[in-house]
Structures are given as structure tokens and as C-alpha cells.
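These are my notebook entries on a single model.

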Amino acid sequence: MNTVYDAAMSAALEQARAAAVSEDIPVGAVVLSASGEVVSAGRNEREASFDPTAHAEVVALRRAGAALGDWQLSGCTLVVTLEPCTMCAGAIVQARLARLVFGAWDPKAGAVGSLWDVVRDRRLNHRPEVIAGVREQECGRLLTDFFANRR
């Protein structure tokens, strides 16, 4: 599936592969500006930083805020290899992102449609556009291979 987010997902997959090298779950993310340029990148860093909040999405959002000098990332897009969890979905809403693009679904902890749908909850004051399944098989295979090798 070739989309306008294909190159950004490639960058997120590079981040995910780097996470796997450091023994962290291979999830990667990039934040795009409103014009489509990469503002920041992040990968899971929980093992490296001993920080339970160091998910790829949170790392990328923190770096984007620092790069742009604003916590409100209005107009920006987050591209991530795996459906965000509840913590990350909440951070996406709080950051006021315009759009979330993700690859693989997470049936065990996903909060963008699998178990919950935090980002599209009508009770919240901000709801980003969601584009799911971008390079889904490739993103999912990276995770499947990672866990198969750990067993």
C-alpha cells in the first residue's frame, strides 16, 4: 500500500529497528510538520532509559515540542508503527495533533480502535484524524519476529 505517508513510515520503521537492537520492543515514530517535513523521531526507549513512559510516540512528541518550541503540535502528524496504547493515545489528544497514522493494530493494548478508541472519543475536546494500516504487514512482522526471537 503506497500512501503519502509511506516515506514517513519508512523513517518510523528505521526507528523501530534501532529499538530492537537495544533490546526494546521495536516501535518507532516520527512527527511531521504541517508541510510534511520530519520534525522529530523517536523509538521505544524504556529499557535504555528505565522509563515506563518512554514509548516511541511520547519520545517523538517530546522532541517535536522541543524542536517547535510549543507543546501544542497543531497541524502536525504522528506516524507510528504500532497502534498507540492508552497512555500514548492520551498524549496524542493532549498534543492537539491534526492526524495520527499507524501501521499494525495492537489487539492486546491498542487504544485507537482495538480495545478502546481514546483519540476519537466525542467527550474529549480534540479528536485527530486517524489513518490506520499503513504498511501494516511490514510493521506487524517486525514485532512478530522480535517476540519469536525472544522465546
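Which residues does glutamine 15 touch, not counting residues up to four places away in sequence? I found Gly28, Ala29, Ala41, Gly42 and Arg43. A contact here means heavy atoms within 4.5 Å.

**Basis of the entries**

I note that this is a predicted model, in which local features need pLDDT of at least 70 and side-chain atom pairs count only at pLDDT 80 or more, while totals for chains, interfaces and linings use all residues. Residues are numbered from 1 along each chain as its sequence is written, and side-chain values use heavy atoms, with hydrogens and water left out.

**Entry: glutamine 15**

I placed glutamine 15 in helix α1, residues 6–21. Helices (H or I, at least four residues) and strands (E, at least two) are DSSP runs, numbered from the N terminus. I then looked up the accessibility: glutamine 15 counts as buried because its relative accessibility is 18%. The scale calls a residue buried under 20% relative accessible area, exposed over 50% and partly exposed in between, with a 1.4 Å probe and protein chains only.

**Entry: α1 against α5**

I took the packing of α1 with helix α5 (residues 136–150) next, and read an angle of about 5° with the axes 11 Å apart. Axes are lines fitted to C-alpha atoms, for helices over the stretch in contact, and angles run from 0 to 180 degrees between N-to-C directions. The two helices, α1 and α5, are therefore roughly parallel to each other. Angles under 35 degrees count as roughly parallel, over 145 as roughly antiparallel, 65 to 115 as roughly perpendicular and the rest as oblique.

On the α1 side I listed Met9, Leu13, Ala16, Arg17 and Ala20, which meet Glu138, Cys139, Leu142 and Phe146 in α5. By class, this contact of α1 with α5 holds seven nonpolar, no polar and two charged residues. In this count Ala, Val, Leu, Ile, Met, Phe, Trp, Tyr, Cys and Pro are nonpolar, Asp, Glu, Lys and Arg are charged, and the others, Gly among them, are polar.

**Entry: salt bridges**

How many salt bridges does a search of the whole structure find? I recorded nine. The criterion is a side-chain nitrogen of Lys or Arg within 4 Å of a carboxyl oxygen of Asp or Glu.

I looked up glutamate 138 and arginine 17, which form a salt bridge with the closest N and O atoms 3.4 Å apart. Glutamate 138 lies in helix α5 and arginine 17 in helix α1, so this pair ties together parts that are 121 residues apart in sequence. Glutamate 138 counts as partly exposed, at 24% relative accessibility, and arginine 17 as partly exposed, at 39%.

Glutamate 138 also meets arginine 135 in a salt bridge, at 2.8 Å from N to O. Arginine 135 counts as buried, with 17% relative accessibility. I noted a network of salt bridges that links Asp6, Arg17, Arg135 and Glu138.

A further salt bridge joins the side chains of glutamate 45 and arginine 63, at 3.1 Å from N to O. This pair links distant parts of the chain, 18 residues apart: glutamate 45 is in the loop between β2 (38–43) and α2 (46–49), and arginine 63 is in helix α3. For arginine 63 I read a relative accessible area of 39%, which means that it is partly exposed.

**Entry: α3 against α4**

At what angle do helix α3 (residues 56–68) and helix α4 (residues 86–94) pack? I read about 25°, with their axes 9 Å apart. That angle makes α3 roughly parallel to α4. The contact of α3 with α4 comprises six nonpolar, no polar and one charged residues. Glu57, Val58 and Leu61 of α3 meet Met87, Cys88, Ala91 and Ile92 of α4.

**Entry: leucine 68**

I located leucine 68 in helix α3 and found that it is partly exposed, with a relative accessible area of 43%. Leucine 68 touches Val39, Leu73 and Cys76, not counting residues up to four places away in sequence.

**Entry: positive phi**

Phenylalanine 50, a residue other than glycine, has a positive phi near 55°. I placed phenylalanine 50 in the loop between α2 and α3, and at 73% relative accessibility it counts as exposed. Arginine 96 is not a glycine either, and has a positive phi of about 65°. Arginine 96 sits in the loop between α4 and β4 (99–104).
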